[in-house]
Amino acid sequence: MKKLIITDLDGTLLQNSVEIEKMDLKKFREFQDKYLIGVATGRSIKEIEYIEKENNLKFSYKVGFNGAQIQKGDKLIFNENIQESVLNRLYIFLKEHKLIFDALDGEKRIGNFNHEKPETLWNMELICKENPFDLLLDKKVYKINIRPLEKDCDRILEELKQEFPDLSIFKTAKRRIEVCAKGLSKGCAIEKIKEDENLYVIAIGDSGNDISMFESADYAICMEHAPENVKKKADVIVKKISKIHS
């Protein structure tokens, strides 16, 4: 049976969200020589392709927006955006709670979030306006990043889950909540990949949206800096990708 090693990006393959450390890249190229490799991230396919090109890698599978898009080679095999009716309700929630956010359509980040680290945008255009909602009319949106204050994040997370049972909602950082269409997750994407091809899947990650991927994979590797609830789902914990035994 062929093996697929599929990794998260931010905090995992790119621990600083800017570039892959030299030894981690060397290790991942070793994996590429032996196995199929892939990426599963909350970011877009476009951003995965940027990392692929910049580092001379070749990903067999690309999972974008926490499972909203799955690409095998150059062919998109799954694609699901947030339904317009649900999206409009979510925009009202964001307005009423005066929340900072950015919405991703696969090409741009549109919202009222003024990114403090543009070097982490990976060739994605950022459109920041105080009132961005007119720009989002009729836009096909795959994911929304909501960025409450750290002290409010857990409360906003619970309110979102109660208000929007028709969405998939994950806390992925102290000040970031990611929202995509109902029933989507990295774990669901792994299941779809396994349906497409008979593979033994090794998943690598570090965040709340990686838990489902760990559960669907045959073997799970977690970064040492991950939250405890994520590490509990892993088969092994490592400090960096370069420390994984081939």
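In the hairpin formed by E4 and E5, 2 residues lie between the strands, and Gly73 has a positive phi near 60 degrees. The model is a predicted one. Strand E4 covers residues 69-72 and pairs with E5 in the antiparallel sense, over 4 bridges. Two of the facing residues can be named on either strand: Lys72 has Lys75 in E5 as its bridge partner, and Gln71 stands opposite Leu76 in E5.

Val63 stands opposite Ile70 in E4. E3 and E4 also make a hairpin, here with 4 residues between the strands, and Phe65 in the turn has a positive phi of about 50 degrees.

These strands belong to an open sheet of 8 strands, in the order E5-E4-E3-E2-E1-E12-E13-E14, with mixed pairing. Its edges are strand E5 (75-79) and strand E14 (236-238), each of which pairs on one side only. From one strand to the next, the twist averages 20 degrees. Helix H1 (residues 22-34) packs on the sheet, where it touches strand E1 (2-7), strand E2 (36-40) and strand E12 (199-205). The direction of H1 makes about 125 degrees with that of E2.

The chain as a whole is divided into two domains. Domain 1 is made of two segments, 2-79 and 185-243, while domain 2 spans 84-180. Their C-alpha centres are 23 Å apart. At the contact between them, 21 residues of domain 1 meet 17 residues of domain 2.

Which domains line the largest pocket? Its lining draws at least three residues from each of domain 1 and domain 2. The volume of this pocket is about 970 Å³. It is lined by 40 residues, and those closest to its centre are Asp10, Ser17, Thr172, Ala173 and Arg176. Several elements supply at least two residues each to the lining: strand E9 (143-146), helix H4 (153-163), strand E10 (167-173), strand E11 (176-181) and helix H7 (228-231). E10 gives the most, with 5 residues. Sorted by class, the lining of the largest pocket holds 10 nonpolar, 15 polar and 15 charged residues.

The second largest pocket contains about 230 Å³ of space. Of its 15 lining residues, Ile202, Tyr219, Ile221, Ile244 and His245 are the closest to the centre. The elements that give two or more residues to this lining are E1, E12, strand E13 (219-223) and E14. E12 provides the largest share, 3 residues. What classes of residue make up the lining of the second largest pocket? It divides into 11 nonpolar, 2 polar and 2 charged residues.

The largest pocket, in turn, has residues of both domain 1 and domain 2 in its lining.

Note on methods
Residues numbered from 1 in each chain as written. Predicted model: local features only at pLDDT ≥ 70, side-chain atom pairs only at ≥ 80, totals over all residues. Heavy atoms only, no water. Pairing = 2+ DSSP bridges. Axes fitted to C-alpha atoms, helices over the stretch in contact; angles between N-to-C directions. Contact = heavy atoms within 4.5 Å. 1 Å grid on protein atoms, 1.4 Å probe; cavity = no way out; pocket = protein on both sides within 12 Å on 5 of 7 lines; lining within 4 Å. Points joined across faces, edges and corners; volume = space filled by probe spheres on them. Nonpolar A, V, L, I, M, F, W, Y, C, P; charged D, E, K, R; others polar. Domains from an automatic or database assignment.
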